[in-house]
Amino acid sequence: MDASGWDERYRATELVWGVAPNRWVEQEVADLRPGNALDLACGEGRNAIWLATRSWRVTAVDFSAVAVAKGKALEERELEKPSIAWVVADATTFTAPEPADFALLCYLQLPAGERRAAVRQAARALAPGGVLVVIAHDSRNLTDGTGGPQDPAVLYTAADVAGDLDGLGLVIEKAEEALRPVAGAERPAIDALLRAARPA
């Protein structure tokens with residue numbers, strides 16, 4: 001979908017993704033010292049807001065103006081002192097205003113060329129010692145998992161993301177499938193999970 005399509009989807013439901021952060025975001029941020037965070041394709045901001053509650057200085061970016069407005073409203077409800085920089089922009093072309101100690105792409109399901117552009121933009125934003133985490137519906141989820149997009153063109157693996165990072169000088173710390181339980185489903189969702197870091 002384009003930005004207008006996502007605008008319509010976000011208008012149709014109070015919160016498409018809920019308030020709680022993604023479980024893999026919680027897991028991967030646990031050992032990081034708060035600094036500057038970049039949440040690309042932030043949606044309604046659940047992960048950005050969670051990061052802000054843990055003392056991260058967050059820039060949250062999405063190409064849906066409706067999603068960004070909902071994120072701002074959610075932040076005002078959830079945080080005593082709103083502090084997130086909300087930006088309406090495309091993750092494939094956005095240039096971070098300052099180096100990021102943590103960059104996140106969470107369920108940005110795009111065809112390979114656009115995905116690669118977004119992944120490389122996120123990687124280029126990293127400060128020395130910065131960490132990139134990419135979470136996605138894995139390609140195998142279509143046949144062996146639960147939920148997620150049903151278009152194989154927008155599904156990918158952690159190995160695909162590792163390939164996207166070739167030549168950028170990052171160290172791949174983790175590139176794997178992660179099984180995510182889904183309430184009421186017989187099978188878990190299969191997520192792609194990649195963590196990479198720019199050497200300090």
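## Close-up views of a predicted model

**Figure 1. The surface and overall build of the chain.** The chain exposes about 9,300 Å², and carbon and sulfur atoms supply 51% of that area. The model shown here and in the views that follow is predicted. Seven helices and seven strands make up the elements of the chain, and, read from the N terminus on, these elements run α-α-β-α-β-α-β-β-α-β-α-α-β-β. The radius of gyration of the chain is 16 Å, close to the 16 Å that the globule rule gives for 200 residues, so the chain is as compact as a globular protein of that length. Taken along the principal axes, the box filled by the C-alpha atoms of the chain is roughly 45 × 45 × 30 Å.

Figure 2. Among the 200 residues of the chain, 52% count as buried. Of the contacts in the chain with a separation of 6 or more, 70% are accounted for by residues 24 or more positions apart.

**Figure 3. Glu44 in the loop between strand E1 and helix H3.** Glu44 has its place in the loop that runs between strand E1 (36–40) and helix H3 (46–53). The relative accessibility of Glu44 is 2%, and because buried means under 20%, Glu44 counts as buried. The side chain of Glu44 makes a polar contact with the side chain of Lys70, at 2.9 Å. Val66 lies 22 residues from Glu44 along the chain, and the C-alpha atoms of the two residues are separated by 8.4 Å.

Figure 4. Most residues other than glycine have a negative phi. Ala41 is not a glycine, and yet its phi is positive, at about 60°. With a relative accessibility of 19%, Ala41 falls under the 20% cut-off and therefore counts as buried.

**Figure 5. Tyr107, a residue with positive phi in the loop between strand E4 and helix H5.** Tyr107 lies in the loop that connects strand E4 (100–106) and helix H5 (112–124). The phi of Tyr107 is near 55°, which is a positive value in a residue other than glycine. The relative accessible area of Tyr107 is 18%, which means that this residue, under the 20% cut-off, is buried.

Methods:
Residues are numbered from 1 along each chain as its sequence is written. This is a predicted model: local features need pLDDT of at least 70, side-chain atom pairs count only at pLDDT 80 or more; totals for chains, interfaces and linings use all residues. Side-chain values use heavy atoms; hydrogens and water are left out. Helices (H or I, at least four residues) and strands (E, at least two) are DSSP runs, numbered from the N terminus. Buried means under 20% relative accessible area, exposed over 50%, partly exposed in between (1.4 Å probe, protein chains only). A polar contact is a pair of N or O atoms within 3.5 Å; within protein, one must be able to donate a hydrogen and the other to accept it, and residues adjacent in sequence count only if both atoms are side-chain atoms. The radius of gyration is taken over C-alpha atoms; the globule rule is 2.2 Å times the number of residues to the power 0.38. Contact means heavy atoms within 4.5 Å. Accessible areas come from the Shrake-Rupley method with a 1.4 Å probe; for residues, only the protein chains shown count as cover.
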